[in-house]
Amino acid sequence: MSSSDVTGSSSPAGWGLAAKLFTTLVLLGAIAVMVTGALGYFRARDALEKAVFDQLTAARQAKTRQVETYFRTIQAELRLLATSKMVVDATREFRIAVDQLDQAGAPPELRQRVGDWYAENFIPGMTRTLGTEPALSDYLPVVGAPYYLQYHYIVENPNPAERRKLLDDAGDGSEYSRLHAIYHPLMRAAATTVGFFDFMIADPKSGRLIYTVEKEVDFTTSLQLGPYRRTNVAAAVARCSQIADPSAICLVDFASYAPSGGAPIAFMAAPVIAQGVVIGVLVAQLSNDEIDNVVTGNRRWRQEGFGNTGEAYLVGPDYLVRSGPRAFYENRDNFFADLKSVGTSDEEIAVIQRYGTPVLHQRVDTEASRAALAGVEGTGEIIGYRGVPTLASWGPLAISDVKWALVAKIDSTEAFAPIAELRRDLLLVGGLAMLVVAATAAWLSRALLGPLRDLTAGVKRFSAGDYATSVPVRTRDEIGELCSAFNGMVEDLHQKNVVIENKNRENEQLLLNVLPEPIANRLRAGEERIADGFAEVTVAFADLVGFTALTSEMPPHDVVTFLNGLFTRFDIAANDLGIEKIKTVGDAYMAVCGLPVPVANHAERMVRMAIRMVHITREHAMEHNVSMKLRVGVNSGPVVAGVIGKSKYIYDLWGDTVNLASRMESGGVPDSVQVTRPVYEQLKDQFVFESRGAIEVKGKGKVEAWVLRF
């Protein structure tokens, strides 16, 4: 071989077709791998970021609705109680009794014993909370009545501090104690039923708390002259004292409250009006615990989809939190270390440790909290209060008299962890793909190019979505076998895709027949334990009266056909009204309204459903020429709902609300709908009810019940 032949064969012009094909395939493979990897990476990152923001926004909006609904509910309850005859009479009579005690005065020895009790029991606790010992004189009551009543209802109360409210009559023979024995059991029951931490009545003239349920050290003290004149309860009473409007509500934001050990307390007040004049102010003491449980999901962050670092929290206009951050509950050492790392002073950390809560003590001044408090909703990647990048969704809350914001966030490192894994996987797969491309190109460059063109065209059609494509088999060698295998693979994938799509549709329908759609979606998303608390829903139980006797002589097939026809009509009515059927047991039918998606008029919908069920039963009985009636019981209140079972799922409800709804049905009247007080109070202006008085309920004693007239 001459030197010129070697030179010619090594030059680009001397490259053969196989070399050109090899080079082209390698270059195309490299470009395809890089472009596909880059596009896949950026699109996956964008899609994941959008999904995280959507999830955070959905969680924030859900919690916002829950907090707003909580306040609307207690506002309605407080307005209702403030206009009740019980509260109006109690206010008028307690004012007179307290004035009498003021005129009588308190003996010096009694004042001394009250002062000693403060020194021994109250001041040490305040010292631990404040970090310094306050002056005893700053907290002692003024004038005679507070000394007298605090002595008998606090100092001499035989019950421990947390159970002082159980004392109905101090036995001192005073007019106040006589009235207290009458009204206190009723007021205590009202506070417990509605869920108020404490329940107070204030005299608008003197500003004195003439009655409280819990009997803390603010009992009968003056909010104008006493030690609590600068507290938020004093502000609430002062505002409502000037408003002679039965619909008025005065809400004051959370602040540290000394009588409750310095805990964060908010107050909601309503004027008590008689003949157009404000004679008192009804005050509800709201603990932060209830709101904290709503915002933190009862501290079940992982179950609510927040992962390892996600959370939601409330911020007030002072940029102080109104709910506890997740780290405070899960790992306090890390929580305080994070605060230290972002420049929080030792004094601020010490305050949080003394009070036992970051609420009203931890400052969160971030881009998210500033925007939300300015009334702007939004999402974005920000630097969180722990000093690390986070993905956040923020927005304001619509609650009268307070300016709060809610932020839902998750650390960026956790949110984008799948992207980091995808990047590593793409690099690995890309490297392996390049090796495969090079090896394949070396082999294909020496093979026949004709069948390869057909095969390449077929592959491109397949990758473009033409799953019915095929390539001609021109040879019987390996390329021919590859073409045959390709055709077989395409056909097999097509058939399998058809089967998979059909099965998916069947499985989807079966799952939706068993579970509500939102719950089914959560199961598909990977949740293994689904259990949710709902503050307010309406539950109904219905049972066929005389069904057992009616069907005792019927063939089994006729029994099932008859019952299936009736319950199918019930199901159609439930679907029309947005009601969730929970289950049927024999001839009993159970349904709920207000979950898994909360609705405002759940009680109204359920009562309309009950009416339709009674009418449907009548029509069904007439069509089959049988004598049969339906008995329905309805109750509203909180429930726990969740999925139980492994091989056979069931979505069920638990709680006292469910039990009482069942008792309303079993103790009801055939061919009628019987409801409890919560349902009656919500719907008495929309429907006609007839009181049955207090009926005997198993496990409950006497319970008030009403029968719907329609």
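Author: Let's start with a term: a contact means heavy atoms within 4.5 Å. This is a predicted model.

Reader: OK. Among contacts with a separation of 6 or more, what share comes from residues 24 or more positions apart?
Author: In the protein chain, such residues account for 62% of those contacts.

Reader: How many helices and strands are there in the chain?
Author: The protein chain has 22 helices and 17 strands.

Reader: What percentage of the residues count as buried?
Author: Of the 710 residues, 46% do. The protein chain exposes about 34,900 Å², and carbon and sulfur atoms supply 55% of that area.

Reader: And the charges? How far apart are the mean positions of the positive and negative ones?
Author: They are 2 Å apart, for 72 positive and 83 negative charges.

Reader: Switching topic. How many disulfides does the structure hold?
Author: It holds 1. Cys240 and Cys250 form it, with their sulfur atoms 2.3 Å apart. The link is right-handed, with 110 degrees about the S-S bond.

Reader: Which parts does the pair tie together?
Author: Cys240 lies in helix α7 (residues 232-240) and Cys250 in strand β3 (residues 250-257), so the link joins parts that are 10 residues apart in sequence.

Reader: Are those two cysteines buried or exposed?
Author: Buried means under 20% relative accessible area. Cys240 is at 0% relative accessibility, so it counts as buried. Cys250 is at 1%, so it counts as buried too.

Reader: What about Cys593, buried or exposed?
Author: Cys593 is buried, with a relative accessible area of 1%.

Reader: Last one. Where is Val703 found?
Author: Val703 is in strand β17 (residues 701-709). Its relative accessibility is 15%, so Val703 counts as buried.

Reader: Which residues does Val703 touch, leaving out those up to four places away in sequence?
Author: Val703 touches Leu660, Met664, Gly693, Ala694, Ile695 and Val697.

Reader: And how far is its C-alpha atom from that of Arg677?
Author: The C-alpha atoms of Val703 and Arg677 are separated by 8.8 Å. Along the chain the two residues are 26 residues apart.

Key:
Residues numbered from 1 in each chain as written. Predicted model: local features only at pLDDT ≥ 70, side-chain atom pairs only at ≥ 80, totals over all residues. Heavy atoms only, no water. Helix = DSSP H or I, 4+ residues; strand = E, 2+ residues; numbered from the N terminus. Buried < 20%, exposed > 50% of the residue type's maximum accessible area, 1.4 Å probe, protein only. Areas by Shrake-Rupley, 256 points an atom, 1.4 Å probe, with all protein chains shown as cover. Lys, Arg positive; Asp, Glu negative; His and termini not counted. Charge placed at Lys NZ, Arg CZ, Asp CG, Glu CD. Disulfide = S-S within 2.5 Å.
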